[in-house]
Amino acid sequence: MIRRPPRSTLSSSSAASDVYKRQVFKHLEKISCDRAILLIAFKGWSDAAEAATSATDTIISHYQAHKFASFEEEEFFAFARERPNIKNSKDGRIIEWPNNDLFYISDAIEGTPLIILNGTEPHFKWKTFSNEVINLCQSMNVQSVVTLGALLDSIPHTRGVKTQITGQHEFMPEVFTQKKIDKSRYEGPTGITSVIIEDFKKIGIPSMSIWAHAPHYLQSSPNPIVSEALLNELSNWLPLNFDVKKLKRKSDKYLNALESAITQDSELKGYIEKLEKKYDSALSNSGPIDDDLLLKDLEKFFETNKGNENGPQIE
């Protein structure tokens, strides 16, 4: 009788881990870097007019970012809620599934690699998803995190786009051109970005969130004006060097089409004029809109959209 040697427990564990990784990621490359920054944007609940994901798309396109990882969509989505799209191509019919991809840019900031997580907020396994993001980013020496988001608000498009900065740490690392931020005091329903941020906080990695307030009567997606505002605010915090001329042209075209539509709709024109008076009155009575007022807007946004799977709506 031939006795086989016992299997190595380590090998079995490693094999099981490899299988698990294949289940969570459908594509994963190992990349070595140091002191990287992670930039996050998700379509869905906290991406009004797809402004945040359009902003990250602009950065990915400009730098021709390398996609090095993709999560397995089967693990994290209910396709009856987030339906795939089918398209025709020269190679036949193609099904595009909801995705969450990671991109790598080595030269966005001198001496500091940029990693971008861009996709759609998952439906399932938020803890698992966040844990995988954390583990992957730790292996790539991520030192700080920035999230982008957008919400619908009762503001006129004629007064520019308000942006708001919150964070979990009082100071950001040296690579940031501005350092001090106000800690977030928000309480209430939240999105997966908050889950990821809290997990980073547990391991001592600082984070900040940039929110843009979009006019609630402009619900067409994407809204390049709001995306442009997010990128401009991001550039105030990080020494990014990218060309926003293409996005600016889109913003101008969008604004021209909007103005044309308003001139033909007296009811909408009257409504916007009322918003302008309300907005200007608030400024003249209280001066620049402070962070506490913006925070209240954010809290209203989240509370109004509690359980709303189809994205943000503020009446």
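Residues are numbered from 1 along each chain as its sequence is written, and side-chain values use heavy atoms, with hydrogens and water left out. Because the model is predicted, local features need pLDDT of at least 70 and side-chain atom pairs count only at pLDDT 80 or more, whereas totals for chains, interfaces and linings use all residues.

**View A. Helix α2 (residues 51-63) crosses helix α5 (residues 224-237)**. The two axes come within 8 Å and cross at roughly 60 degrees; axes are lines fitted to C-alpha atoms, for helices over the stretch in contact, with angles running from 0 to 180 degrees between N-to-C directions. Helices here are DSSP runs (H or I, at least four residues), as strands are (E, at least two), numbered from the N terminus. α2 and α5 are therefore oblique to each other, where angles under 35 degrees count as roughly parallel, over 145 as roughly antiparallel, 65 to 115 as roughly perpendicular and the rest as oblique. On the α2 side the contact (heavy atoms within 4.5 Å) includes Ala51, Ala55 and Ile59, and on the α5 side it includes Val226, Leu230 and Leu234. By class, this contact of α2 with α5 has 8 nonpolar, 3 polar and no charged residues, with Ala, Val, Leu, Ile, Met, Phe, Trp, Tyr, Cys and Pro counted as nonpolar, Asp, Glu, Lys and Arg as charged, and the others, Gly among them, as polar.

**View B. Helix α5 also packs against helix α6 (residues 245-263)**. Their axes lie 8 Å apart, at an angle of about 145 degrees. Among the residues in contact are Pro224, Glu228 and Leu231 of α5, together with Leu247, Lys250 and Tyr254 of α6. The classes in the contact of α5 with α6 are 6 nonpolar, 2 polar and 3 charged residues.

**View C. Helix α3 (residues 126-139) meets helix α4 (residues 192-202)**. The axes come within 9 Å and cross at roughly 50 degrees, and α3 and α4 are therefore oblique to each other. Residues making the contact include Trp126, Phe129 and Cys137 of α3, and Ile192, Asp199 and Phe200 of α4. In the contact of α3 with α4, 9 residues are nonpolar, 1 is polar and 1 is charged.

**View D. The second largest pocket is lined by 22 residues**. A pocket is an open set of points on a 1 Å grid where a 1.4 Å probe fits, with protein on both sides within 12 Å along at least five of seven lines, and lining residues have an atom within 4 Å of a point. Lys43, Trp97, Pro98, Asn99 and Thr120 lie nearest the centre of this pocket, and its lining divides into 4 nonpolar, 7 polar and 11 charged residues. β7 gives the most to the lining, with 3 residues.
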